[in-house]
Amino acid sequence: MKMTYEEAWKVLADLLTDLRKKGETIPAYVMNDLRSAKTMIQILKADPTHIENLPRIEAYMGNVESYLIFVAQDK
């Protein structure tokens, strides 16, 4: 079963929150990408015909995921 964009966003947001609680400083660009992904997801949710937003959502979330993988491997 595939995760929805909202579910995947929640997982990334929760992991970022956990890292912040452990003292990790999250760069502004990562937080901006997370917020931008959420905005695009909300637009898509409101109007599912806006499929042109799909690549942007995936790019934003991919950037956040890449950062998280890098930090998690470092820890």
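Q: Is the crossing of helix 1 and helix 2 left-handed or right-handed?
A: This is a predicted model, and in it the axes of helix 1 and helix 2 come within 11 Å. The two axes cross at roughly 155°. The handedness of the crossing of helix 1 and helix 2 is left-handed.

Q: Are helix 1 and helix 2 roughly parallel or roughly antiparallel to each other?
A: The axes of helix 1 and helix 2 cross at roughly 155°. Angles over 145 degrees count as roughly antiparallel. Helix 1 and helix 2 are therefore roughly antiparallel.

Q: Which residues of helix 1 make the contact with helix 2?
A: On the side of helix 2, the contact is made by Val-30, Met-31, Leu-34, Ala-37, Lys-38, Ile-41, Gln-42, Leu-44 and Lys-45. On the side of helix 1, the residues are Tyr-5, Glu-6, Trp-9, Leu-12, Ala-13, Leu-16 and Arg-20.

Q: How many helices does the protein have?
A: From the N terminus on, the elements run α-α-α. The count of strands is 0, and the count of helices is 3.

Q: What distance does helix 1 reach from its first C-alpha to its last?
A: Helix 1 covers residues 5–21, which is 17 residues. At 1.5 Å a residue, 24 Å is expected. The distance in the model is close to that, at 24 Å.

Q: Within what arc do the buried residues of helix 1 fall?
A: The buried residues of helix 1 are Ala-8, Trp-9, Leu-12, Ala-13, Leu-16 and Leu-19. Seen down the axis, they line one face of the helix, because they fall within an arc of 135°.

Q: Which helices do the buried residues of helix 1 pack against?
A: The buried residues of helix 1 include Trp-9 and Leu-12. Trp-9 and Leu-12 are also among the residues of helix 1 that meet helix 3. The packing partners of the buried residues are helix 2 (28–46) and helix 3 (54–74).

Q: Which residue just after helix 1 takes a positive phi?
A: Helix 1 ends at residue 21, as its range is 5–21. Just after helix 1 there is a residue with a phi of about 95°, and that residue is Gly-23.

Q: Why does Met-31 count as buried?
A: Met-31 has its place in helix 2. Residues under 20% relative accessible area count as buried. Met-31 is buried because its relative accessible area is 17%.

Q: What is the distance in space between Met-31 and Leu-16, C-alpha to C-alpha?
A: Leaving out residues up to four places away in sequence, Met-31 touches Leu-16, Arg-20 and Ile-26. In sequence, Met-31 and Leu-16 are 15 residues apart. In space, their C-alpha atoms are apart by 8.8 Å.

Q: Are helix 2 and helix 3 roughly parallel or roughly antiparallel to each other?
A: The axes of helix 2 and helix 3 come within 9 Å and cross at roughly 150°. Their crossing is left-handed. An angle over 145 degrees counts as roughly antiparallel, and helix 2 and helix 3 are therefore roughly antiparallel.

Q: Which residues does Asn-53 touch, not counting residues up to four places away in sequence?
A: Asn-53 lies in the loop between helix 2 and helix 3. Asn-53 counts as buried, because its relative accessibility is 6%. The residues that Asn-53 touches are Met-40 and Ile-43.

Q: Which exposed residues are on the face of helix 3 turned away from its buried side?
A: The buried residues of helix 3 are Ile-57, Met-61, Val-64, Tyr-67, Leu-68 and Val-71. They cover an arc of only 115° around the axis, which puts them on the same side of helix 3. What covers these buried residues includes helix 1 and helix 2. The face turned away carries the exposed residues Pro-55, Phe-70, Gln-73 and Asp-74.

Q: Are helix 1 and helix 3 roughly parallel or roughly antiparallel?
A: The axes of helix 1 and helix 3 come within 11 Å and cross at roughly 30°. That makes helix 1, relative to helix 3, roughly parallel.

Q: What percentage of the residues in the protein is buried?
A: The C-alpha atoms fill a box of roughly 40 × 30 × 15 Å along the principal axes. The protein has 75 residues, and the buried part of them is 29%.

Technical notes:
Residues are numbered from 1 along each chain as its sequence is written. This is a predicted model: local features need pLDDT of at least 70, side-chain atom pairs count only at pLDDT 80 or more; totals for chains, interfaces and linings use all residues. Side-chain values use heavy atoms; hydrogens and water are left out. Helices (H or I, at least four residues) and strands (E, at least two) are DSSP runs, numbered from the N terminus. The expected span of a helix is 1.5 Å times one less than its number of residues. Buried means under 20% relative accessible area, exposed over 50%, partly exposed in between (1.4 Å probe, protein chains only). The arc is that of the directions from the helix axis to the C-beta atoms. Contact means heavy atoms within 4.5 Å. Axes are lines fitted to C-alpha atoms, for helices over the stretch in contact, and angles run from 0 to 180 degrees between N-to-C directions. Angles under 35 degrees count as roughly parallel, over 145 as roughly antiparallel, 65 to 115 as roughly perpendicular and the rest as oblique. A crossing is left-handed if the near helix is turned anticlockwise from the far one by less than a right angle, and right-handed if clockwise.
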